[in-house]
Amino acid sequence: MNGALVHSHLPSLPPPVRGKVRDVYDLGSRLLLVATDRISAYDHILAPGIPGKGRVLHQLSSFWFEELVEVLPHHLVATQVADFPADLRTLLGAAGRRQLEGRAALVKKARVVPFECVARGYLAGSGFREYQAGGQVCGVPLPAGLVRASRLPAPIFTPATKAAEGHDENVSFATMAERLPAGLAERLRDLTLALYARGAERAARGGLILADTKFELGFEIDPVTGQEGPLLLVDEALTPDSSRYWEAASWTPGHEPISFDKQFVRNWLDASGWDHESPPPELPHEVVAGTLERYVEAFRRITGREPDLAD
C-alpha cells in the first residue's frame, strides 16, 4: 500500500459500480460519486494508485462546474461531506465521512448521452494519428503540413462512442447525428465548443494551453417522477484525466509538449515496452510522485490556490 484510496469502502451503502476512477453509489434519488486514487491509461487500471489524485480531481471538477455554469448547468448537489443531508451523514458514520472528505459529490441522476463530447484546439493523441493517416480527424478535413501539437485553425468537435468495455471509438459528426434525436447532435457540438472556449480562456490565465478535452452531457432525471429534464454537464469537467494541459511558455509545434496531465504516465508506459494488451507494469515511485506533482500544478495554475490533500 502507498496511502492511496484505490477502492472506497462504505458498507452502510449499496455496493458501488466501480469505473476506471470513480466509485458510483446509487442512493435512489441521487448518486454519490467518489473520486478514488486509481489511474488508468490505454483502458487499463494501473497500480499502484496515486495518493491524493482523487482529491485533486474532485476539487478541480467542482471548481470547473461552477466556472462553466453560465454555459451549461451541472449535476452537482453537494461537494462537501458537511453539506450532505443529515440522514446520509449519519448513515456513513464517522469513518465513512473521513474517507469521503475532499473527494466525494452528491449529484443528480441523468440519462447520459451515449457519446463522449470531445473538443480539440491542437493536434495530439488519437487526433494526430488520424490526421497522419488521412489528413482529417473524425471526418473534419484539416490543412496539410500540420505536425504534432500544431494549433488548429479553429477548435473542432470530434465525438467518440462510449464503450462499456474496450476502447472508445472516434466517429464523425454525421454518424453521431444519425444515432441521436433531430437537432441534439448540433446542440451538443455547440455546447462542447462553448465549454472548451471558456475552459481554454481560463487555463491561459495560468500559463496553460488546453489542447483538448472531453465532456459528458446528460438529461436530468426527476427524482420523483422519473421524467427527463434539462441537459446537464455531468461526470467530471476539465481535469488532467479528461484533458490535455500543456505549458504555454515552452509550446513548440512538432515537439512533445511539457504536460500537466496523464500524458506523463502514457509516455512512461510507452517507453517501458509494454504491449498495451497484457497486464501493465507497476508504476515506479518517481512516476507516481511525478503524476501527482503535475496534477497539483495544474490545479494551482487554474484555480490560484492549493488543493486540500489532507487525509
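**Sheet, cores and helix contacts in a predicted model**

Student: Which residue of strand 7 does Leu32 stand opposite?
Tutor: Leu32 stands opposite Leu106 in strand 7, where strands (E, at least two residues) and helices (H or I, at least four) are DSSP runs numbered from the N terminus. This is a predicted model, in which local features need pLDDT of at least 70 and side-chain atom pairs count only at pLDDT 80 or more, while totals for chains, interfaces and linings use all residues. Residues are numbered from 1 along each chain as its sequence is written, and side-chain values use heavy atoms, with hydrogens and water left out.

Student: How many bridges are there between strand 3 and strand 7?
Tutor: Strand 3 and strand 7 pair in the antiparallel sense over five bridges, and two strands count as paired if DSSP finds at least two bridges between them.

Student: And what about strand 6 with strand 7?
Tutor: Strand 6 and strand 7 (residues 104–108) also run antiparallel, joined by two bridges; Ala78 stands opposite Leu106, and Leu76 stands opposite Val107.

Student: What's the strand order in that sheet?
Tutor: The sheet is open and has five strands in the order 1-2-3-7-6, with antiparallel pairing. Its edges are strand 1 (17–18) and strand 6 (76–78), each of which pairs on one side only. Helix 1 (residues 53–67) packs on the sheet and touches strand 2 (22–26), strand 3 (30–35), strand 6 and strand 7, a contact being heavy atoms within 4.5 Å.

Student: Is strand 7 mostly covered or uncovered?
Tutor: Strand 7 is mostly covered, with four of its five residues buried; buried means under 20% relative accessible area, exposed over 50% and partly exposed in between, with a 1.4 Å probe and protein chains only.

Student: Which residues have the most contacts inside the largest nonpolar core?
Tutor: They are Trp64, Leu188, Leu217, Leu233 and Tyr245, in a core of 63 residues; such a core is a set of buried Ala, Val, Leu, Ile, Met, Phe, Trp, Tyr and Cys residues joined through side-chain atoms within 4.5 Å. Helix 7 gives the largest share of this core, eight residues. A second, separate core has 13 residues, including Leu10, Phe84, Leu88 and Leu106.

Student: What does Leu100 touch?
Tutor: Apart from neighbours within four places in sequence, Leu100 is in contact with Leu10, Leu32, Val34, Val81, Phe84 and Leu92. Leu100 belongs to helix 2 (residues 86–100) and is buried, with a relative accessible area of 0%.

Student: How do helix 6 and helix 7 cross?
Tutor: The axes of helix 6 (residues 263–272) and helix 7 (residues 285–303) come within 9 Å and cross at roughly 155 degrees, the axes being lines fitted to C-alpha atoms over the stretch in contact and the angles running from 0 to 180 degrees between N-to-C directions. The two helices are therefore roughly antiparallel, since angles under 35 degrees count as roughly parallel, over 145 as roughly antiparallel, 65 to 115 as roughly perpendicular and the rest as oblique. Phe264, Val265 and Trp268 of helix 6 meet Glu286, Val287, Gly290, Thr291 and Arg294 of helix 7.
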